[in-house]
Amino acid sequence: MEGSLNAIGYGISVIGAGIGVGIVFGMGMQAIARQPEARGPLQTNIYIGFALIEALALLGFVLAFAI
Amino acid sequence: MLGLAAEEQNVLRIHIDELVFGLIAFAVIFGLVYKYAAPRITKMLDERADSIEGGIERAKKAEAEAEEIRQQYRDKLEEAHREYAQELEKAKEQRAAIIAEAREEAQVEARRLVEAAHAQIEADRQQAMAQLRNEIGVLSTELATRIVGETLSDSAAQNRVIDRFLDELEHSGNNQQAGVR
Amino acid sequence: MSADTLNLAAEGGGGLFTPGGPGFEAPSVGIFFPSAWSWGNYGETSPYLGGITKYAVLLVVATALVLLFLWWTSRRLSMVPDRRQSLGEIFYLFIREQISRPMMGAKGDKYLPLLLSLFLFVFAMNIMGIIPFLQLPVTSNLSYPVGLALIVYIIFIAVGIKSQGGVAAYFKSAVVPSGAPGWILPLLVPIEIISNFLIRPATHAIRVFATMFAGHLLLATFAAAGWYMFNPSAGPLFGSISVLFSGASLVGFIVFTAFEMVIMFLQAFVFTLLAALYIGQAQEAH
């Protein structure tokens, strides 16, 4: 069996980001459902939060290839 | 990570030539957007917003104008009604006045006619009296002539006699009438 | 590895159920290293001039696509838009209403051309990944997103310095969080420096690169698997099974292509959104 530990590391690092992205979008949907009129700003903030959390997964991705 | 280009198959490679190509391509796109597309689209959107706002404004203005004209018409109509009513009132007054005048005139005329008739009657009566007096005088003279047998040629004397006679006659008539009453 | 994959494809696939045939070779990162049409010996003398690769060609294609699109949609503009003009307006208004206005307010309108060209450029480079016969997202080469992220990086620092009135004032406002007690600053300031001036541009570039890279790898895997499993000559039973498997892989390929399209749009959107966010943050005083 061959492979790279880097890939496992990346998989582990993505767990957290996956949970985070799920929470962000779930909470975002809830917020929009509660206040549909605030959809515009909420959506923008959802994507910002998503991008920031995704950065963590991206760090894992970079390290998987760079190290 | 930078400068690893020489290394074979590093996914996180940054080739300076490719980076420069990318920047040039982006510069071209940005140039077109900045110089051509964005100003045109912005201008057009502004114009559209202006025209829509202008259209709304125009519609409002037209509405206000229509309202004003309607108000004017309403005023005019009201005025016409009022005038009509006034005219009607005036006509009624006039009619009443005319009727009154006509009645007045008619009364005056009637009075005049009555008076004229009275005057006529009086005149006729006088005339008749005078004629009667003459005729009675003639008749009496003739009768007296016949009876007395003498001709009263002197007309003055004749008249005097007749008058005297008539006065007597009147007196006796009056006395007779008073006596009758 | 890439050569092996290509050879396998050239041989006509059909490795499944072939006794002694080649095993399944999943697409590797080699597909992101197309060989260059090099001229002369520049590739050997200078490590940076590797010749014209597929990436460079697709970059030109994507740029031409954007330029054509821009020219075509804003050629004749009228008050009452036709479909062609509406298409251009949709992009413009999308950038303005979804990205520029929420992030920077009305004063950010002067960055609209930058954001619009960023979005269109990134989107065009991404979309190269699902155009038949091209099928290689330009952004899956880190060099291109890094260039764009570098532009945004320089612009937001310049905007910050200009609007905060001075280099020191800007870096102070960017690095020192307002309202933090003094004793925690030695901990916070390095974190802020790293996150604002190192992580931020790096993730900005890597985000779009990584998603395109992974997405393309996924699609390539589906395609290669479908091709590998397509072996109708392996007998009536095995042949039909292999065709069935191959069909499932094809369905997966199609579904994920559609999914990729959404991702490509989303990543272009996020890239532009973050650019607007960074510029907007630099613009306002903390």
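## Chain A: contacts and overall form

In chain A, residues 24 or more positions apart account for 80% of the contacts with a separation of 6 or more; two residues are in contact if their C-beta atoms, placed from the backbone, lie within 7 Å. The structure is a predicted model, in which local features need pLDDT of at least 70 and side-chain atom pairs count only at pLDDT 80 or more, while totals for chains, interfaces and linings use all residues. Residues are numbered from 1 along each chain as its sequence is written, and chains are lettered from A and ligands numbered from 1 in the order in which they are written.

Chain A contains two helices and zero strands. Helices (H or I, at least four residues) and strands (E, at least two) are DSSP runs, numbered from the N terminus. The radius of gyration of chain A is 16 Å, well over the 11 Å that the globule rule gives for 67 residues, so the chain is more spread out than a compact globule. This radius is taken over C-alpha atoms, and the rule is 2.2 Å times the number of residues to the power 0.38. The C-alpha trace of chain A spans about 55 × 20 × 10 Å along its principal axes. Of the 67 residues in chain A, 15% are buried. A residue is buried if 20 or more other C-beta atoms lie within 10 Å of its own, exposed if 12 or fewer, and partly exposed in between, with C-beta atoms placed from the backbone.

## Chain A against chain C

Helix H2 (residues 39–66) of chain A packs with helix H8 (residues 185–229) of chain C at an angle of about 80°, and their axes are 9 Å apart. H2(A) is therefore roughly perpendicular to H8(C) (angles under 35 degrees count as roughly parallel, over 145 as roughly antiparallel, 65 to 115 as roughly perpendicular and the rest as oblique). Axes are lines fitted to C-alpha atoms, for helices over the stretch in contact, and angles run from 0 to 180 degrees between N-to-C directions.

The residues of H2(A) in this contact include A:Ala51, A:Leu58 and A:Phe61, and those of H8(C) include C:Ile199, C:Ile206 and C:Arg207. By class, the contact of H2(A) with H8(C) has eight nonpolar, one polar and two charged residues. Ala, Val, Leu, Ile, Met, Phe, Trp, Tyr, Cys and Pro count as nonpolar, Asp, Glu, Lys and Arg as charged, and the others, Gly among them, as polar.

## Chain B against chain C

Between chains B and C, 32 residues of chain B are in contact with 37 residues of chain C. The side of chain B that touches chain C has 22 nonpolar, four polar and six charged residues.

## Helices H4 and H5 of chain C

The axes of H4(C) and H5(C) cross at roughly 110° and come within 10 Å. H4(C) is therefore roughly perpendicular to H5(C). The residues that meet include C:Phe91, C:Ile95 and C:Ile99 in H4(C), and C:Leu112, C:Leu115 and C:Phe119 in H5(C). Nine nonpolar residues, one polar and one charged make up this contact.

C:Ile99 lies in helix H4 (residues 83–104) of chain C and counts as buried, with 28 C-beta neighbours inside 10 Å. Leaving aside neighbours within four places in sequence, C:Ile99 is in contact with C:Leu115, C:Thr272, C:Leu273 and C:Ala276.

## The loop between H5 and H6 of chain C

C:Phe133 is placed in the loop between helix H5 (112–127) and helix H6 (143–164) of chain C. Its phi is near 75°, a positive value in a residue other than glycine. C:Phe133 is exposed, with 4 other C-beta atoms within 10 Å.

C:Gln135 is also found in the loop between H5 and H6 of chain C, and has a positive phi of about 45° although it is not a glycine. C:Gln135 is partly exposed, with 17 other C-beta atoms within 10 Å.
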